[in-house]
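Trainee: Can you walk me through this structure? I'd like to start with how the strands pair.

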Amino acid sequence: MEFKKFKINDIFSTPDKGDVDLQQDDINGKGEFFINSGKTNFGIKGKTDRKARIFPPNTITIDFWGNAYYRDYNYKLATHNHVFSFNDDVIKNKEVGLYLVGTLRFLNQKYSYSNMLTWKKLKKETIILPVISGTHQIDFDYMENHIKALKRDKIRALDTYLNTIKLDNYQLTPEDIKILRYKPKFLKYKVGHSYNKRKKIVIVSDDGLFNIIPTKKKINANRVKFEGKFPYVARGEGKNGIRGYINYDPDFLNPANTISFGQDTATMYYQPNRYFTGDKIQIFEINKKYGNLTENKAMYLISSMKKAFSNFEWGTSSFALEVLANIDIKLPVTANNTIDFEYMEKYIQVIKKLMIKDVVKHKDKALSSIE
């Protein structure tokens, strides 16, 4: 198979933009998906029926941080955050769209809030694509077949994995159903018990959830080799925020059973093991009065915090420590008005069962379609 370089400008025409400056307040759960900048939920902020230009499926969006996603549904675009939509003959089908998105992944490593991606910059970037032997024509058949083969391999690998670990405990018990139906009372708690400002500890609330502490050392990812044994946590989405594994001075490892928080992206992950970090990461260490941070407890708290942070814009001062620490989140409480961690643990365990059930059903359906 032959591969050649192509400029973005040679593949896509000038991108399209939205015609209405849609905002968070426009989200009402109706109409089309509203796409904004960011990685969380693929940039989908919700649905809106506010009158605005509707972009068709079988298109690719790229935002000003370099996040590229294939869209197979109708959507509307934010204009204030420079999300571009590309629709050209080059996107023959979903598989080709996914292949192209894969070649564009490098963009979100190159561009950021401090170095925004514009069309002027983007059109000069190059990607490598397969071509028909002896020509300069893009081999769309190869791209399509390659993605289909990857899908088959992943589904079969998932099937093997589920069978190997005998992951079949997804039937809900009467106790599980009771947990799902239970309607707890909620009270507000500050995110922060304390935070560090200019090397001084600022107390926020005795009942606050976390001591927000700075990472022990900001390690530049460009100066380390990802071939070690300790997790290196960055601000990106997926893989628990782990960009790779490195070897470094263990004195700079951050504590296990904490939550890593990307300060300008609001990405949050439970870290069960000690880890290193890069720039703009804060460490959420649970208030000692609430015991140890477990995986299920962390998952519930992260979900609650994401809901509370949903109205904030990435890359702004919204996540300054003094603002972050004073945000209120709602948590279930017992009859004595203390945080009901037992309910939180059980609730997350039930949700895991439901997710496993969905995964098994998806796997079975996908397997039947490729056999």
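Mentor: Strand 2 and strand 6 (residues 75-77) pair in the parallel sense, over three bridges. Two strands count as paired if DSSP finds at least two bridges between them. This is a predicted model: local features need pLDDT of at least 70, side-chain atom pairs count only at pLDDT 80 or more, and totals for chains, interfaces and linings use all residues. Residues are numbered from 1 along each chain as its sequence is written, and side-chain values use heavy atoms, with hydrogens and water left out.

Trainee: Where do the strand numbers come from?

Mentor: Helices (H or I, at least four residues) and strands (E, at least two) are DSSP runs, numbered from the N terminus.

Trainee: Which residue in strand 6 is the bridge partner of Phe33?

Mentor: Tyr75 is the partner of Phe33.

Trainee: What else does strand 2 pair with?

Mentor: Strand 2 (residues 32-35) also pairs with strand 3 (residues 44-48), in the antiparallel sense over four bridges. Glu32 faces Thr48 of strand 3 there.

Trainee: And what holds paired strands together?

Mentor: Strands of a sheet pair through backbone hydrogen bonds, either parallel or antiparallel.

Trainee: OK, confidence. What is the average pLDDT of the chain?

Mentor: The average is 87, and 92% of the residues score at least 70. pLDDT is the predictor's confidence in each residue, from 0 to 100.

Trainee: Where is confidence lowest, and where highest?

Mentor: Strand 7 (residues 84-86) has the lowest, with a mean of 77. Strand 9 (residues 185-190) has the highest, at 97.

Trainee: What should I do where the score is low?

Mentor: Where pLDDT is low, the predicted coordinates should not be read in detail.

Trainee: Strand 7 again. Which sheet is it in?

Mentor: An open sheet of three strands, in the order 5-4-7, with antiparallel pairing. Strand 5 and strand 7 are the edges, each with a single partner strand, so one side of each has no neighbour in the sheet. On average, neighbouring strands of this sheet are turned by 25° against each other, direction ignored.

Trainee: How many bridges join strand 4 and strand 7?

Mentor: Three, with strand 4 covering residues 59-62. Thr61 stands opposite Ser85 of strand 7. Helix 2 packs on the sheet and touches strand 4 and strand 5. Its direction makes about 175° with that of strand 5. Contact means heavy atoms within 4.5 Å. Axes are lines fitted to C-alpha atoms, for helices over the stretch in contact, and angles run from 0 to 180 degrees between N-to-C directions.

Trainee: Is helix 2 largely enclosed or left open?

Mentor: Largely enclosed by the rest of the structure, because seven of its ten residues are buried. Among them are Val96, Tyr99 and Leu100. Buried means under 20% relative accessible area, exposed over 50%, partly exposed in between (1.4 Å probe, protein chains only).

Trainee: What caps its N-terminal end?

Mentor: Asn93 caps helix 2 there: a side-chain oxygen lies 3.2 Å from the backbone nitrogen of Glu95.

Trainee: New topic. How many salt bridges are there?

Mentor: A search of the whole structure gives 14. A salt bridge is a side-chain nitrogen of Lys or Arg within 4 Å of a carboxyl oxygen of Asp or Glu. One of them joins the side chains of Lys94 and Asp72, at 3.4 Å, N to O. That pair links distant parts of the chain, 22 residues apart: Lys94 is in helix 2 (residues 94-103), and Asp72 is in the loop between strand 5 (68-71) and strand 6.

Trainee: Last one: is Glu125 buried or exposed?

Mentor: Glu125 is buried, because its relative accessibility is 9%. It sits in the loop between helix 4 (119-122) and strand 8 (126-131). A polar contact of 2.8 Å joins the side chains of Glu125 and Lys110. A polar contact is a pair of N or O atoms within 3.5 Å; within protein, one must be able to donate a hydrogen and the other to accept it, and residues adjacent in sequence count only if both atoms are side-chain atoms.
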